[in-house]
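Please open the model in a viewer and keep the sequence at hand. The stops below are given in the order in which they may be selected.

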Amino acid sequence: MAPPGWLCAGPRWSADGPALLWLHPVHGERRSPLPAGRALGFVTGDRRYCVGVRRAGRYTPCPAGAEVPAGAVSAQCAECARLDRSRSVAADTMADDPRPYDVYLAWFAPGLVKAGITATERQGVRLLEQAALSYTVLGRGPLMAARRTEAVLGAALGVPDRFPYAAKRAARHPLVPRAERAAELAALHARARALPGLPESLDVSACVPVHHDDVFHLDRLGARHGVVDLVPGSAVVGHVVAVAGPDVYLETADGRQVLVDTRRLAGRELAAAPAGARTTAAVRAPEPERDGPEGLF
């Protein structure tokens, strides 16, 4: 069964901030910004559909109109996911990409610093998507040089390119001071620059830490918050407190702070919550994700 109308496609970050993306097979795309303080209220539909394949910045609807599991992190069916990876930097299937790439070191928690690459033209948006609390650029160069650098860092320094997403959430409150994050990044940056195996085509940069506390509004987070379980027919109503990567923190009418993982909104039809509605969705305590590679990045 094909989706009949607008579908939520999950979170999107840009230089203007976070938003929810919406897809329609005829009308295309639109975005709903998620600034701090915005009222947000919706009721989940009965089904969850594949969001299709993104190419050249636009989505192509799933030809099968396939449904996807309600609890999955990914909102793609197996066939659309395969097509996505057939032309993907992450899957090493875009070796001919002529754009310059940045190699970055991203800080998520004490001892949890990952290496990664992102197209220079994205101006750090990738780090917002990943909910990095702080990061610094190590260098810039062609795609394959950036990939080679990432591999060297992993082999020589044991720097991972991914780890469980739940570890990121746990480090957002209380926040480690910026100076401590910057010091850990600087130490790893210095070790990385000294490695003998870095590609000659990589233009190594000075260590200039960037912090996302203010962009995410993490100073507004309380010590406790529950995670919303998104099931059909449940209402979620509140005001945006903070947004970090795909996680939207809301304050409900009864003063609770709850977390909505907007990756799990992708593929759903969402109806506006009626006036005066309150949150009826179940809220559980945070726990480690057990959904395999999708919970890692």
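This is a predicted model: local features need pLDDT of at least 70, side-chain atom pairs count only at pLDDT 80 or more; totals for chains, interfaces and linings use all residues.

Residues are numbered from 1 along each chain as its sequence is written, and side-chain values use heavy atoms, with hydrogens and water left out.

Select helix H5, residues 178-193; helices (H or I, at least four residues) and strands (E, at least two) are DSSP runs numbered from the N terminus. Colour Arg-181, Ala-182, Leu-185, Leu-188, His-189 and Ala-192, which are buried (under 20% relative accessible area, 1.4 Å probe, protein chains only). They lie on the same side of H5, because they cover an arc of only 135 degrees around the axis, taken from the directions from the helix axis to the C-beta atoms. Among the elements they pack against are helix H3 (143-157) and strand S7 (101-109).

Next, select Leu-153. Its contacts (heavy atoms within 4.5 Å) include Val-103, Leu-138 and Ala-192, not counting residues up to four places away in sequence.

Move to strand S13, residues 235-244. Eight of its ten residues are buried. S13 pairs (at least two DSSP bridges) with strand S4 (residues 39-48) in the antiparallel sense over five bridges; Val-43 stands opposite Ala-235. S13 also pairs with strand S14 (residues 247-251), again antiparallel and over five bridges, and there His-239 has Glu-251 as its bridge partner.

Finish at Gly-245 in the hairpin of S13 and S14, where this residue takes a positive phi near 60 degrees.

How values were computed. The expected span of a helix is 1.5 Å times one less than its number of residues. Buried means under 20% relative accessible area, exposed over 50%, partly exposed in between (1.4 Å probe, protein chains only).
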